[in-house]
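Subject: Structure for your files

Hello,

Here is the structure we talked about handing over. Please look through it with the notes that follow.

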Amino acid sequence: MKLYSSIGPNPRMVRMFIAEKGLDLPMTRVDIIAGENRREPFLSINPAGEIPVLEFDDGTALAETTAICEYLEERHPEPPLIGATPEARARTRMWWRRVDLKVVQPMTQGFRGAEGLQLFESRTHCLPVAADDLKATAREGLSWLEGQLGERPFIAGETLSVADILLFSFIEFGALVGQGLAPGHQRLARWHDRMASRPSAAITAF
Ligand SMILES: N[C@@H](CCC(=O)N[C@@H](CS)C(=O)NCC(=O)O)C(=O)O
């Protein structure tokens, strides 16, 4: 089994997930800036042309961070990063989805419609006219999470989960592309600092 990885928050979150599991997978680097992921032979591995991809020893491949993390959790349940019980798994998936829909998607689309436009306009439908609103939507999502976090140590509860890993990876990405935390995001800033001190957070670009 090996992972196709690159710069960017999606492969980073999967690598962080792998590190938190204590796993060590061989990796192949894909140059997404040069568009290696948008042409053959990569398109035969993932027709969506995106990174990360987990390739199995029989040559079949699995894309999408969600599917990859779910698979790794089933194969390597310890430590649980999605959950050890049906209730814990459901709670993590609820927060995972909220982080994805409220922050990750609008932040990504906001970036692709503005700072990332030159790189992405020939690859996917970008929304330059909506970029500012998409960024505002991501900021609102962060503010909502700030209010929800309360005094909990982690996004989904008392222990680290994939929801923390996803949010951390995208908050770090946002900081690089002009979508960093706002001064009012104090709980998230403290949570971010705790996350940043984990050894798995040292994994940045491939
Ligand atoms: N929905 C995909 C998104 C993957 C994605 O957008 N990956 C970025 C890197 S962070 C990528 O491949 N960008 C290059 C491109 O789209 O050409 C997932 O969850 O894995």
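Two residues are called in contact if their C-beta atoms, placed from the backbone, lie within 7 Å. The model is a predicted one: local features need pLDDT of at least 70, side-chain atom pairs count only at pLDDT 80 or more, and totals for chains, interfaces and linings use all residues. Residue numbers run from 1 along each chain as its sequence is written.

Domains. The protein chain is assigned domain 1 (2-75) and domain 2 (86-198), with bounds that come from an automatic or database domain assignment. Their C-alpha centres lie 20 Å apart. Between them, 8 residues of domain 1 are in contact with 8 residues of domain 2. On the side of domain 1 that touches domain 2, helix 1 gives the most, with 6 residues. Helices (H or I, at least four residues) and strands (E, at least two) are DSSP runs, numbered from the N terminus. By class, that side of domain 1 has 5 nonpolar, no polar and 3 charged residues. Here Ala, Val, Leu, Ile, Met, Phe, Trp, Tyr, Cys and Pro count as nonpolar, Asp, Glu, Lys and Arg as charged, and the others, Gly among them, as polar.

Core. The largest nonpolar core has 46 residues, and Phe17, Val99, Val162, Ala163, Leu166 and Leu167 have the most contacts inside it. Such a core is a set of buried Ala, Val, Leu, Ile, Met, Phe, Trp, Tyr and Cys residues joined through C-beta atoms within 7 Å. A residue is buried if 20 or more other C-beta atoms lie within 10 Å of its own, exposed if 12 or fewer, and partly exposed in between. Helix 7 supplies the largest share of this core, 9 residues, and the core draws at least three residues from each of domain 1 and domain 2. Leaving aside neighbours within four places in sequence, Leu167 is in contact with Val99, Val103 and Ile155.

Helix 3. In helix 3 (residues 65-75), Thr65, Ile68, Cys69, Leu72 and Glu73 are buried. Seen down the helix axis, these fall within an arc of 130 degrees, so they line one face of helix 3; the arc is that of the directions from the axis to the C-beta atoms. They pack against helix 1 (9-20), strand 3 (53-55), strand 4 (61-63) and helix 7 (162-176). The face turned away from the buried side carries the exposed residues Ala67, Glu74 and Arg75.

Regards
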